[in-house]
Amino acid sequence: MGSTRAEPEPVVSAASYARWRASTLGRITERVETRLVSALAGDLHDRRVLDVGTGDGTYAIAAALGGADVSALDPQAAMLARAAERAAARGVTLDLHEGRVEAMPFADASFDVVIAVTVLCFVPDPAHALREMARVLAPGGRLVLGELARYSSWAAERRVRGWLGARTWRRARFSSRRDLCGLARGAGLTVLDLRGAVFFPPSGLAARVMAPLDPTLSRLRAPGPAFLALAAVKPQASGAGSAAVGGTSRTSQLTSRSRSPATEPRKS
Ligand SMILES: C[S@@+](CC[C@H](N)C(=O)[O-])C[C@H]1O[C@@H](n2cnc3c(N)ncnc32)[C@H](O)[C@@H]1O
């Protein structure tokens, strides 16, 4: 684990994550979200991947199982300990760092892929966080964000819970498609794709019945997803990465570490 120290202000605990995942709704929702994030991340074999705000490691472990060389960062030591346990149970290792997205202990251009799922919703300055993620991304590298969507029954319910005093939801920010595109572009990234997921309301029964329809609803850009995921690329100096939302070259933007000096970490 890295040596960076940071004062944690937990919004979500490792125990609450385990309880969520043990519920029918949590299990199905996580599966639907993970599928979308994986699709947007593309083939991760041999990629240098950073999972920002890794929590108990769901996305970091999925990337490691896909053959990536994975670093993961979180301010909560308890989350990182749980991520290490879960990774060991799956037979993979993660390079874990205690720290915050606002000041990450990594050199510029260190990663081919940066993933951050439901992290921006809890940071005070998401534009700054985006710039920091763009900094550690190699030219041609890909950012995948997953965020809580603003226009959904889940957001409505969570806002009410926040107003009633639930600490997590009082602090959470809900994003629109436009917000996420604006953040990515503001950090100098080119948006490749933006999709919704979790079109069912927050009920285990609804999740069980409706989850099979989720990929279709996502493709049709149906209204009301609870989760939005964006893929963006850091342009090469030559101007590569000019594909726009809905463009076709989603996975070809990433170059192999062994083939492209552009993806090697800058010495600094
Ligand atoms: C809702 S959890 C998401 C965990 C994981 N990404 C997932 O989706 O399973 C949010 C995580 O972001 C972390 N976090 C909160 N503020 C952060 C910050 N400023 N920098 C990095 N991570 C942060 C929290 O500790 C927590 O583990």
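The model is predicted; local features need pLDDT of at least 70, side-chain atom pairs count only at pLDDT 80 or more, and totals for chains, interfaces and linings use all residues. Residues are numbered from 1 along each chain as its sequence is written.

The axes of α5 (residues 126-136) and α8 (residues 177-186) come within 8 Å and cross at roughly 50°; axes are lines fitted to C-alpha atoms over the stretch in contact, with angles from 0 to 180 degrees between N-to-C directions. At this contact, Pro126, Ala127 and Leu130 of α5 meet Leu183, Ala184 and Gly186 of α8 (C-beta atoms, placed from the backbone, within 7 Å). The contact residues comprise 5 nonpolar, 1 polar and no charged; Ala, Val, Leu, Ile, Met, Phe, Trp, Tyr, Cys and Pro count as nonpolar, Asp, Glu, Lys and Arg as charged, and the others, Gly among them, as polar.

The protein contains 10 helices and 7 strands, taken as DSSP runs (H or I, at least four residues; E, at least two) numbered from the N terminus. Of its 268 residues, 43% count as buried, that is, with 20 or more other C-beta atoms within 10 Å of their own, C-beta atoms being placed from the backbone.

Around the ligand lie 21 residues, of which Gly53, Gly55, Arg100, Val101 and Val117 come nearest (C-beta atom, placed from the backbone, within 6 Å). This shell divides into 12 nonpolar, 6 polar and 3 charged residues.

How values were computed
Two residues are in contact if their C-beta atoms, placed from the backbone, lie within 7 Å. A residue is buried if 20 or more other C-beta atoms lie within 10 Å of its own, exposed if 12 or fewer, and partly exposed in between; C-beta atoms are placed from the backbone.
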